[in-house]
Amino acid sequence: MDLHEQADASLREVMGTYPTGVTVVAGADAEGLPYGLTVNSFTSVSLDPPLVLVCIGHASTSHARLITAQTFTINVLAADQSEVALRFAREPSDGRFEEVDWTPAASGAPIIEGSAAWLECSVHEVLSGGDHSILVGRVERAAVTERPVLVFHRGRMSATDT
Ligand SMILES: Cc1cc2nc3c(=O)[nH]c(=O)nc-3n(C[C@H](O)[C@H](O)[C@H](O)COP(=O)(O)O)c2cc1C
């Protein structure tokens, strides 16, 4: 059938066809306690200044905390971290960092051990995006490894070949 004749797909279905990486966006509260959630709406915005964005749902318990904290990390998960991705997407939010090795970045926001790459960002701007907020982060520090990354595609997580 011609593609035009089946123009009834949902946004969710179409986005499922588009492979992404998987990240954990994380911060630390005033007591230094870490929190975070699994996010695949991560993309770069600008190279100069260095800006990235993530979209955080209004229903997320991390939403207000990330905006208040003004700094956060984006941990790009490695191919062997699908358990971490599931853990940070599951309720409850509290205790997600128990049994996960992490170290604090300069701002105190967590860097998850074993990640393929990470960025530490300050909140540059918060834009309105329907039932999500678009958090534009200015990259303050970044690190990258050669670890293969985790990929999310058609509702499944898998490893990249390289
Ligand atoms: C692969 C994957 C990608 C996700 N991407 C996002 C995202 O980009 N933004 C978002 O707000 N939630 C996203 N979620 C859902 C959150 O991780 C989930 O709702 C989480 O429980 C929210 O935690 P919180 O309420 O502690 O903030 C994603 C979940 C999965 C499994």
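**Reading a ligand site and its surroundings**

Modeller: Start with the ligand: the space it takes is the largest pocket.

Biologist: Before we go on, what kind of model is this?

Modeller: This is a predicted model: local features need pLDDT of at least 70, side-chain atom pairs count only at pLDDT 80 or more, and totals for chains, interfaces and linings use all residues. Residues are numbered from 1 along each chain as its sequence is written, and side-chain values use heavy atoms, with hydrogens and water left out.

Biologist: What counts as a pocket?

Modeller: Picture a 1 Å grid over the protein atoms alone. A pocket is an open set of points with protein on both sides within 12 Å along at least five of seven lines. A cavity is a set where a 1.4 Å probe fits but cannot get out. Lining residues have an atom within 4 Å of a point. A molecule sits in either one if more than half of its atoms lie within 2 Å of its grid points.

Biologist: Which polar atoms lie by the oxygen atoms of the ligand?

Modeller: A polar contact is a pair of N or O atoms within 3.5 Å. Within protein, one must be able to donate a hydrogen and the other to accept it, and residues adjacent in sequence count only if both atoms are side-chain atoms. S41 uses a polar side-chain atom, 2.6 Å from a ligand oxygen. T38 uses a polar backbone atom, at 2.8 Å from a ligand oxygen. G57 brings a backbone N or O atom, 2.8 Å from an oxygen of the ligand. Alone, the ligand exposes 650 Å², and the protein buries 81% of that. Such areas come from the Shrake-Rupley method with a 1.4 Å probe; for residues, only the protein chains shown count as cover.

Biologist: Now single residues. Is T23 buried or exposed?

Modeller: Buried means under 20% relative accessible area, exposed over 50%, partly exposed in between (1.4 Å probe, protein chains only). T23 has 2% relative accessibility, so it counts as buried. T23 lies in strand 2 (residues 23-28). A polar atom of its side chain is 2.8 Å from the backbone oxygen of V39.

Biologist: Is L47 buried or exposed?

Modeller: L47 sits at 80% relative accessibility, so it counts as exposed. Its place is the loop between strand 4 (43-46) and strand 5. P49 lies in the loop between strand 4 and strand 5 too.

Biologist: Which peptide bonds are cis?

Modeller: Read omega. The bond from D48 to P49 is cis, with omega near 5 degrees. The bond from E91 to P92 is also cis, with omega near -5 degrees. P92 is in the loop between helix 3 (82-87) and strand 7 (102-104).

Biologist: Which residues other than glycine have a positive phi?

Modeller: Q70 is one of them, with phi of about 70 degrees. Q70 sits in the loop between helix 2 (62-69) and strand 6. Q70 is partly exposed, because its relative accessible area is 39%. E99 also has a positive phi, near 70 degrees. E99 belongs to the loop between helix 3 and strand 7. E99 is exposed, because its relative accessible area is 78%.

Methods:
Helix = DSSP H or I, 4+ residues; strand = E, 2+ residues; numbered from the N terminus.
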